[in-house]
Amino acid sequence: MSDTPENPTSSAPPGSRDSQRERAGARLATLDELEVEVEKLIAGGDGLARFEGIPIFIPRSAPGDRLRVRLVERRPDYGRAEILEILEPGRGRREPPCPFFGRCGGCDLQHLEDDLQVELKVAAVGETLRRLGGLGGKLPVRVVAGPAWGYRMRAQFHIDSAQGAIGVGYHSRHSNEVIPVDRCPVLVPELESLLSTLPGLLSEGGPRRLDLLVGEDDALSSAPVVPGLPHGEVKLQVGDLEYGLDARCFFQAHRQLLPALVEVAVGRWSGEEAYDLYAGVGLFSLPLASKYKRVTAVEGDRVAARFARRNARAHRLGQLEVVSRAIEGWIEELPENPERVIVDPPRSGLSRRVRNVLGAKAPTRLTYVSCHAGTLARDLRALSELYSIEELVLLDLFPQTGHMEVVAQLVRRTEG
Ligand SMILES: C[S@@+](CC[C@H](N)C(=O)[O-])C[C@H]1O[C@@H](n2cnc3c(N)ncnc32)[C@H](O)[C@@H]1O
């Protein structure tokens, strides 16, 4: 593109905002380095700065940072950059406590004070919900945070044996390169202490990925099977309920915040019939079954569904039925106007089909548990004519990373 005042191939009227943007985009395309000031964090944890109005996303930056950065991606309407030099640090910057921070892709926010991380993530999620979700006015937000270190009781490690020696660690931020780690301070101590012994238990040609989960009494479950590592069921106590599961199943990773998550999602309501969609091993289905006369849990993963069934039996919850099917295939079986539905989909959110059928069946109370602000915003926008938001609770289930869990309590609007 030319560096002349107006781009002759542009369809934007000369002097318009679009035309100015196009020229800025053309200038950005010619640059390698920039000096910028970071405005804020966006959902996911990157910092946002601007070059002549064009957003530049910068990992591991802090609001208020003045930075010299190198552009690593240039698009007409945004860029990505990495920090070359911190010219002036923003408020709340600190020396990252973990020596692997920066290379390891596990954490994005260790360079910020713990309390500031929560403050900035809450602002970023709020902005995403307003901008992409079309939610206006003051959002009814409550924040729940717990320990910021030593909280992860479940982790997925990657294994590298290419260099002869076995390395156990995490993928680097932008590639599948394994960064071996011998400590990881976000893990619960029982899990972190295994890091030094794991390489000795693994051999060349063994698994490339290892899932580990610590249950009650430090019991360990691993998947796939590795000689020398236990791989069976472990128990986890959450509130007054005990759940059985193994390392193959999804389970929320923040040990200390699990009871709060269950309390917020299940809530104070009770009644005749409830549905728990994307149920896992029954984290919400079991407590729902003590409040509703009939509960249906739907879970696509067979192993998790089997544990959910076993967990229901162990608590003698005959009123809880577990259906082992993909939600997309099952959703038409949801009755018209059910009293209560909880959805807890993966990061991709609800598929269009599930969203449409849910909207058509119109549950009276819909609880949406989300680990991705962008897809939550998209889904809430689609449901916004039908529902009002009674409460939004942001749970800091992933300290030191840019992620947050959000629970939205929605109630169907009454007509007229
Ligand atoms: C975010 S987890 C939530 C699990 C559970 N609610 C909990 O908190 O432990 C999402 C769950 O949905 C399941 N899942 C993902 N996509 C699905 C689909 N299309 N149909 C049914 N289950 C699905 C996964 O196996 C996983 O157990």
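This is a predicted model: local features need pLDDT of at least 70, side-chain atom pairs count only at pLDDT 80 or more; totals for chains, interfaces and linings use all residues.
Local features required pLDDT of at least 70 and side-chain atom pairs pLDDT 80 or more, whereas totals for chains, interfaces and linings use all residues. Residues are numbered from 1 along each chain as its sequence is written.

Helix α1 (residues 17-28) contains twelve residues and spans 16 Å from its first C-alpha to its last, close to the expected 16 Å (1.5 Å times one less than the number of residues). Helices (H or I, at least four residues) and strands (E, at least two) are DSSP runs numbered from the N terminus. Glu 22, Arg 23, Gly 25 and Leu 28 are the buried residues of α1 (20 or more other C-beta atoms within 10 Å, with C-beta atoms placed from the backbone; exposed, 12 or fewer; partly exposed, in between). Their cover includes β3 (47-51), β4 (54-58), β5 (66-74) and β6 (79-88).

The shell around the ligand comprises 17 residues, the closest being Tyr 278, Gly 280, Gly 300, Asp 301 and Asp 344 (C-beta atom, placed from the backbone, within 6 Å).

Most residues other than glycine have a negative phi, and most peptide bonds are trans. Glu 52, in the loop between β3 and β4, has a positive phi near 45° and is exposed, with 11 other C-beta atoms within 10 Å. Asp 218, in the loop between β11 (209-214) and β12, has a positive phi of about 60°; Asp 218 is also exposed, with 12 such atoms within 10 Å. A cis peptide bond, with omega about 0°, joins Ala 223 and Pro 224. Pro 224 lies in the loop between β12 (220-223) and β13 (234-238).

Definitions and conventions
Two residues are in contact if their C-beta atoms, placed from the backbone, lie within 7 Å.
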